[in-house]
Amino acid sequence: MVGRSSPLIDLAELDARMAKPGLRIADVRWYLGRDGAGRAAYDAGHIPGAIFVDLDTDASDHDGYGAPGRHPLPSPRVFARRMGELGLGSDDFVVAYDDSGGAIAARLWWMLDNLRHRGGVAVLDGGIQAWTAAGCDLESAAPTREPAQTLELGSEWHNVIEREELADRLGELVIIDARAPERYRGEVEPIDPVAGHIPTAVSVPVTDNVDPTGRFRQAQDLRARYEAVQRAETPTVVSCGSGTTACHDILAMRIAGLPETLLYVGSFSDWSRSGMPVATGPEPGDPVRTSRGP
């Protein structure tokens, strides 16, 4: 959106835009290992006028870029068509929200931003909790369906990296792992076939990007957090379980004014399903002396 620099929108700005044309609100709630729970939460109550965007079906393609990871990217053409079917037009300003500090909404933000959506896109800071905490009402009825729109987006994904290149460059890149610390250490793995992390990756869990209310921390705090793990003149790659919450790290770095990073779309789900080396424990690990996945 011309003249708008922040990737976040606060409640006051959203409220001021609610009665204006060209606003589209997207509910992107999703829960690991709970199929259909995001849609059920939306049906139980959502911000008035919001559409539901399903991470699994609307923002992913099982056979897309990043397969065999759990949330590969659809082709830009297919994604643009699907978002257009949901009523998003080229000049619409899109606000994405969830109930997990933006960890899922950031994926839709990244996709639209990456493909240079003309109308602009932002994540609601504090999510649906900020809305309800302010005493704003939710609605359970589905909004009047907007007519299908033509959404013009870029024709290819940018700043992404595939498994083969990442494996060839272990030790040459800073790899950030956005997952929970216990998953990074390999103490628990609820869904992927091997526990642990990509060798040389450092743990920077997305949960620490936000404060206890689910709002993003100050830009200077986020900058210090990421600069502590980055190296000068060394490209940074962000990863997570399936290329979703890693977008939250990209969003945080955008807020902090840091350079754009690469997204490993397949992330640990792609890595672990492909029999790549896996490291465990609190240290990044050596790219050679690691255990093999199945």
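Strands β1 and β5 (residues 121–124) pair in the parallel sense over 2 bridges; strands are DSSP runs of E of at least two residues, helices are runs of H or I of at least four, and both are numbered from the N terminus. Two strands count as paired if DSSP finds at least two bridges between them. Within this pairing, Ile-9 stands opposite Leu-124 in β5. The model is predicted, so local features need pLDDT of at least 70 and side-chain atom pairs count only at pLDDT 80 or more, while totals for chains, interfaces and linings use all residues. Residues are numbered from 1 along each chain as its sequence is written, and side-chain values use heavy atoms, with hydrogens and water left out.

The pairing belongs to an open sheet of 5 strands in the order β1-β5-β4-β2-β3, with parallel pairing. Its edge strands are β1 (8–9) and β3, each of which pairs on one side only. Helix α4 lies across β2, β4 (93–97) and β5, and runs at about 170 degrees to β5. Such angles run from 0 to 180 degrees between N-to-C directions, with axes fitted to C-alpha atoms, for helices over the stretch in contact; contact means heavy atoms within 4.5 Å.

Helix α2 (residues 37–44) has Ala-37, Gly-38, Ala-41 and Tyr-42 as its buried residues. They lie on the same side of α2 because they cover an arc of only 145 degrees around the axis, taken from the directions from the helix axis to the C-beta atoms. Buried means under 20% relative accessible area, exposed over 50%, and partly exposed in between, with a 1.4 Å probe and protein chains only. The cover over these residues includes β2 (23–27) and β3 (51–52).

The whole structure holds 4 aromatic pairs. Rings of Phe, Tyr and Trp (its six-membered ring) pair if their centres lie within 6.5 Å; planes under 30 degrees apart are stacked, over 60 edge-to-face, and the rest tilted. Tyr-42 and Phe-52 form a tilted pair, 5.5 Å centre to centre with 40 degrees between the planes. This pair links helix α2 to strand β3, its residues being 10 apart in the chain. Both Tyr-42 and Phe-52 are buried.

Trp-110 and Trp-157 form a stacked pair, at 5.6 Å centre to centre and 15 degrees between the planes. Trp-110 is in helix α4 (residues 105–114), and Trp-157, 47 residues away, is in the loop between α5 (127–133) and β6 (160–161). Trp-110 is buried at a relative accessible area of 2%, and Trp-157 counts as buried at 12%.
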